[in-house]
Amino acid sequence: MATWMARLRDRLPAGGRLNDEDWAGRHRLLTVLLGLCMVFLTVFGVLRGAHADDLLITDGLVLAGLMTATLAKNRRVRSLAVALGYVAACGGFVAVCQGLTEAHFSFFILIPALALYRDWAPFGGFLVGTTLHHAGFGVVVADHTFGNHSAQQHPMVWALLHGAAVLCAAAFQLVAWRFNEIEEQRAEEHLSESQAQLSVAFDETPVPMAMFATDGRLLRTNAAYRTWLRLPDELPAGFTVRDLPLRPMQPDEPRYAHLLTQTREPITMTRQYMRTDTGALIWVQTHATGLYDRDGGLRLIFVHCNDVTAVRDHEAELRYQVRHDSLTGLLSRKAFEQDLTEMLRAATDPVSVIYLDVDRFKSINDGAGHTTGDDVLRALAVRLTHVIPAGSLLARLGGDEFIVALTGPSGTGLRVADGILTSLAEPLAVGGYELPVACSIGVTTAAGPALADDVVLAADTAMYAAKRAGGNRVQVFTDELRVPVQEKIAAEARVRRALAGDPRLTLPLWFQPVVSTVTGRIAGAEALVRMRTPEGEILSPFHFILAAEETGLIVPLGEHVLRSAVDHLLHWQDRLGYVSVNVSPRQLAEPDFVPMVASVLAGLPGFDPSRIVLEITETALLASTVDVSERLTALKQLGVRIALDDFGTGYSSLTWLKSLPADIVKLDRSFVAGLAEDQRKASIIQAVLWLARSLGMSTIAEGVEELADWEALRAAGCPAVQGYFFSKPLPAAEFDVMLRESFERATFEGVHLRETMGTAVAG
């Protein structure tokens with residue numbers, strides 16, 4: 001029996017589960033409707049001519065129910081009073097209608113109405129009251145309860161019929177009520193599960209999270225948030241965002257509630273705060289999302305925070321490294337150019353730029369080591385920082401070059417530059433030693449809008465002028481100083497333009513013959529490059545070789561000269577013994593130079609590589625940064641010959657003769673000019689010729705311009721000569737004519753000699 005009752009109880013609605021807000025709304029509705037029913041019943045009864053006592057009793061019962069429903073404290077008592085009031089109203093309505101059957105429908109209408117309470121007390125009370133009304137009044141005043149004769153004769157039967165109908169209606173209402181409770185129970189379970197998941201996601205996440213009311217009250221925080229800000233697990237009542245240990249560094253920053261009300265979109269902001277509990281400055285990235293009600297009003301703000309102080313510090317460090325020189329801590333070149341551009345744009349006074357370069361800094365690095373060189377640069381940076389005015393720009397451009405920019409009246413830059421030079425009169429303290437340092441300084445001043453690159457170039461130009469003048473001085477830029485720079489730029493442009501075109505036309509080779517002193521015929525030729533401008537003008541190497549050397553264009557230019565010289569040599573076949581080309585220090589230092597020569601020879605099967613002579617100046621050997629002997633040995637292994645050009649102009653010519661694998665020594669013209677009248681020169685040449693022969697080398701005398709010098713060299717036994725006495729450098733076509741005449745003359749003399757010898761033999 002107990003089990004059956006338990007099962008029945010489980011299948012019936014529990015009731016009483018409405019929250020106070022929902023219950024109050026429904027109770028208010030049913031109470032108002034009860035009052036309207038009383039008014040309607042009174043008016044309807046008067047119109048129907050009902051007995052006044054009946055109306056008074058009915059209204060009194062209904063009014064009692066209304067008062068109890070309004071004044072009682074317990075909500076179950078209040079809802080029961082409403083239910084009984086409706087019983088009285090329905091009973092009065094049936095009585096006024098003289099028991100009309102249709103009037104009993106009011107009881108059926110109110111069954112679902114009272115089910116709104118979702119409570120057994122008002123629902124059951126209404127059912128009990130309905131049953132008592134039909135049973136009691138049906139017996140006592142049958143004519144006022146049932147309007148037909150059969151019902152009046154058998155009131156209990158009709159009471160049972162009406163009661164059964166009411167219970168049936170109530171039963172279906174109970175089923176609907178129970179189904180609703182089951183659905184709500186499932187929804188609550190899902191909601192509880194979702195809330196549990198949300199709680200886990202919110203409370204256990206390592207990201208600090210919090211919920212704020214629109215007035216700034218802290219509604220909820222997770223453990224990470226409390227740990228981050230060192231908050232207690234239970235916050236005091238009324239705890240607001242102003243109580244957090246964070247003080248914004250910008251007090252007038254907008255509030256999230258205001259921003260979310262305006263945009264209704266999630267907001268991400270990064271702000272700097274001071275932690276009032278530690279005094280530390282931190283950067284916090286906050287992502288704020290608003291939760292809104294149905295009307296679009298902001299209900300609360302959900303935020304999660306990331307302490308990005310380490311990221312910000314790293315970014316600041318990277319920006320510092322980009323803008324500052326790692327060795328000295330001064331501005332970098334890029335940062336200086338940017339700041340100088342801003343200074344030129346904003347300055348109302350003239351802007352002066354001072355360009356510094358340490359004199360003979362390479363000797364410091366080579367003599368004391370690069371570590372000492374770095375110490376010198378750091379010490380110089382400190383010295384400059386103390387000398388230049390506050391607010392000036394100071395940067396290290398790279399190497400041993402520094403630059404300063406400052407604003408002020410005309411002459412300010414020169415005064416500061418003189419002050420720098422004066423300060424460097426005192427040695428720098430480096431590694432416990434006093435090291436003297438000198439600088440070449442260039443100064444320029446820009447008034448009005450100007451390009452930063454142009455101003456820096458002008459100061460750089462003045463600095464190089466100071467260095468060319470001996471260094472340790474200040475040079476102010478003038479337009480005259482710009483001419484060499486412009487010529488250098490123009491020369492570089494000419495070389496690039498010539499190499500970009502057809503070098504056979506834009507960079508033709510001219511040839512100067514090398515004549516044998518024994519036969520007087522052309523034994524070889526030196527290939528010399530010229531440049532043909534778009535206007536057809538022929539330029540000597542003086543106009544472009546230096547620019548090519550400084551820019552590295554000498555490498556492709558030298559390869560063109562070698563390949564073109566070989567092509568001409570192949571064209572002249574056996575009429576020309578060899579051709580020589582000059583090799584610059586930049587070419588010799590290139591790792592690809594030897595492979596390039598090898599590739600040229602590889603394309604000439606059956607060609608004798610000794611017909612190619614590579615001329616290397618003695619000064620180039622001194623300036624080379626590679627192992628010259630090793631590089632020349634590699635070239636010799638390819639079969640080409642090496643000529644030591646301008647011999648006698650260096651510092652250790654005899655040492656070079658002994659140590660380098662050269663094949664030919666070319667005497668500089670300074671030893672040849674006036675040889676016939678200068679006995680000392682003749683003695684030197686005799687000694688060099690003897691030394692060259694003893695080392696297995698040949699000799700060529702350069703710069704022969706006089707007949708007397710030619711005869712003196714022949715008498716001294718110099719094998720070959722070269723100079724204007726025979727010919728200036730000639731275009732290939734003119735040299736071809738000279739070579740053909742020399743070849744034909746040699747052929748004629750050989751034929752004549754053979755004929756003479758044949759006649760003598762015959763005789």
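Contact here means heavy atoms within 4.5 Å. That cut-off decides what counts as cover for a helix in this predicted model.

Start with helix α14, residues 361-368. Which of its residues are buried? Phe361, Ile364 and Asn365 are. They span an arc of only 95° around the axis, so they sit on the same side of α14. The other side of the helix carries Lys362, Asp366 and Gly367, which are exposed. What covers the buried residues of α14? The cover includes strand β7 (351-358), helix α15 (370-387) and strand β11 (433-435). After α14 comes glycine 369. The phi of glycine 369 is positive, near 100°.

Now move to strand β19, residues 612-617. This strand is mostly covered, with 6 of its 6 residues buried. In a regular strand, side chains alternate between the two faces of the sheet. Both faces of β19 are covered. Ile612, Leu614 and Ile616 are buried on one side. Val613, Glu615 and Thr617 are buried on the other.

The strands paired with β19 come next. Strand β18 (residues 578-583) runs parallel to β19, and 5 bridges join the two. Within this pairing, valine 583 has isoleucine 616 of β19 as its bridge partner. Isoleucine 616 is itself one of the buried residues of β19. Strand β20 (residues 641-647) also pairs with β19 in the parallel sense, over 5 bridges. Here threonine 617 stands opposite aspartate 645 of β20. Threonine 617, too, is buried.

Follow β20 onward. This strand is mostly covered: 5 of its 7 residues are buried. A further parallel pairing links β20 to strand β21 (residues 664-667), through 3 bridges. Leucine 644 stands opposite valine 665 of β21.

Leucine 116 belongs to the loop between helix α5 (105-114) and helix α6 (120-140).

How values were computed. Residues numbered from 1 in each chain as written. Predicted model: local features only at pLDDT ≥ 70, side-chain atom pairs only at ≥ 80, totals over all residues. Heavy atoms only, no water. Helix = DSSP H or I, 4+ residues; strand = E, 2+ residues; numbered from the N terminus. Buried < 20%, exposed > 50% of the residue type's maximum accessible area, 1.4 Å probe, protein only. Arc of directions from axis to C-beta. Pairing = 2+ DSSP bridges.
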